[in-house]
Amino acid sequence: MVALARKWLADRTGSAAMLERMSSRRVPSRTVTHYLGGLLVFVFLLEVASGILLLLPYRPDPAQAHASLTAIAGQLPYGSLIRGIHAWSSHLFVVLLALHLAITLLLRRFREPNELIWWTGLLLLAVGVGMAFTGSILPWNQNAYLQARVSSEMIGQGPLFGPWLKHLLRGGENVSPWTLNHAFGFHTGVLPAATTLILAAHVAFVQRHAKAHDGPTIPAHPDFTVRIAAACTALLAIVITLATFAPIAIGAPATLTNITSAEATPPWYFLFLHELLRAAPPRLLGLESAKFILGALSVVAGFTIALPFIDRRGSRITMFVGAIFITLVVLLTAHALL
């Protein structure tokens, strides 16, 4: 009976032919970025699945958002667990994206013919941070309000696109109840759709240039699929453990009053910038330190985007400079967290 059902399914879906094609394909066995890519797809699917479950009882209304989230966590069966899985998956998605890009940079795999893989990876990081940021606003608690205010104010001091980004993050001139509706629309519609499209393009580019990698290889199926399934299972266990034993507090509802600057800290992925701005003197080279630092980081961002054209051979100098920059960001973030 099982064999007949399997044959019926294989005839109609073509799964047998697909597995046969996967068995004939080979992938690098020691390339950590391939495994990180598989984990990223898994975490994104986890975010989408848990997000759909939260979407039904959540109310994106400033008067009801915090109460609906409290009800999800306190009254719905497994509501707290699902909320925890969604929140931790969002953080892990940004961590894995940053780690994936850092390894790609240090291994100098941004070179020809991987330009499109590099650029879609950078786009994924930007969209991933956007999803995490808009998601952090949805509880509409005091901390969410403070994070939205300080983050948008900080980014808004950048040159050229700074004011536009500030307006985009806030959904207007100020952080207001409309900011919640704005963040909800982006978090549940625009950004997941953009992530899906960019992720699909990134995987397609990786598949197209898979033969360019040197070193030992293994069959895509069953060897690689079994390894990545084991890694995803371990990651799921970690996420469930975090959601169970390290729940993210819902906090008090946003009052939009009685706010002091000492309370204001951005989400962890902006902490390195916050630390830099706090430690800098009022002026640098005759400019306001905030404008100078954000201008310098904009130049670094432009250099990073243009890297495949600037460093066509993958110089060791780029690797060393990248390692120094990554270490600085990690140290500043750790200093702010500890």
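Tutor: Alanine 3 belongs to helix α1, which covers residues 2–13, and with a relative accessible area of 59% this alanine is exposed. The model is a predicted one, and in it the C-alpha atom of alanine 3 is separated by 25 Å from that of phenylalanine 224, a residue 221 positions away along the chain.

From there we can turn to the salt bridges. Side chains of opposite charge can pair when their charged atoms come close. Here the count comes to three salt bridges, and two of them involve glutamate 153, as the following pairs show. In one, the side chain of lysine 166 meets that of glutamate 153, with 3.4 Å from N to O. This pair links distant parts of the chain, since lysine 166 sits in helix α8 and glutamate 153 in helix α7, 13 residues apart. Lysine 166 has a relative accessibility of 21% and therefore counts as partly exposed, its value lying between the limits of 20% and 50%. Glutamate 153, at 37%, is partly exposed as well.

Glutamate 153 also forms a salt bridge with arginine 170, and here the closest N and O atoms are 3.0 Å apart. Because glutamate 153 lies in helix α7 while arginine 170 lies in helix α8, the pair ties together parts that are 17 residues apart in sequence. Arginine 170 is buried, for its relative accessible area is 5%.

The remaining pair is made by glutamate 275 and arginine 278, whose closest N and O atoms are 3.5 Å apart. Both residues are in helix α11, which runs through residues 271–279, and because they are three residues apart, about one helical turn separates them. Glutamate 275 counts as buried, with a relative accessibility of 11%, whereas arginine 278 counts as exposed, with 60%. Through shared partners, Glu153, Lys166 and Arg170 are joined by salt bridges into one network.

Helix α8, made of residues 162–170, also holds leucine 165, which counts as partly exposed because its relative accessibility is 31%. Leu165 is part of a nonpolar patch on the surface, together with Leu160, Phe161, Trp164 and Leu168, and these residues have about 570 Å² of accessible area together.

The place of tyrosine 78 is the loop between α4 (65–74) and α5, where it counts as exposed, at 65% relative accessibility.

Two peptide bonds also deserve a careful look. The bond from glutamate 112 to proline 113 is cis, with omega near 5°, and proline 113 lies in the loop between α5 (79–106) and α6 (115–137). Histidine 221 and proline 222 are joined by a cis peptide bond too, with omega about 10°, and proline 222 is found in helix α10, which covers residues 220–245.

How values were computed
Residues numbered from 1 in each chain as written. Predicted model: local features only at pLDDT ≥ 70, side-chain atom pairs only at ≥ 80, totals over all residues. Heavy atoms only, no water. Patch = residues over 30% accessible without salt bridge, like charges linked within 9 Å, V, L, I, M, F, W, Y side chains within 5 Å. Areas by Shrake-Rupley, 256 points an atom, 1.4 Å probe, with all protein chains shown as cover. Salt bridge = Lys/Arg side-chain N within 4 Å of Asp/Glu carboxyl O. Helix = DSSP H or I, 4+ residues; strand = E, 2+ residues; numbered from the N terminus. Buried < 20%, exposed > 50% of the residue type's maximum accessible area, 1.4 Å probe, protein only.
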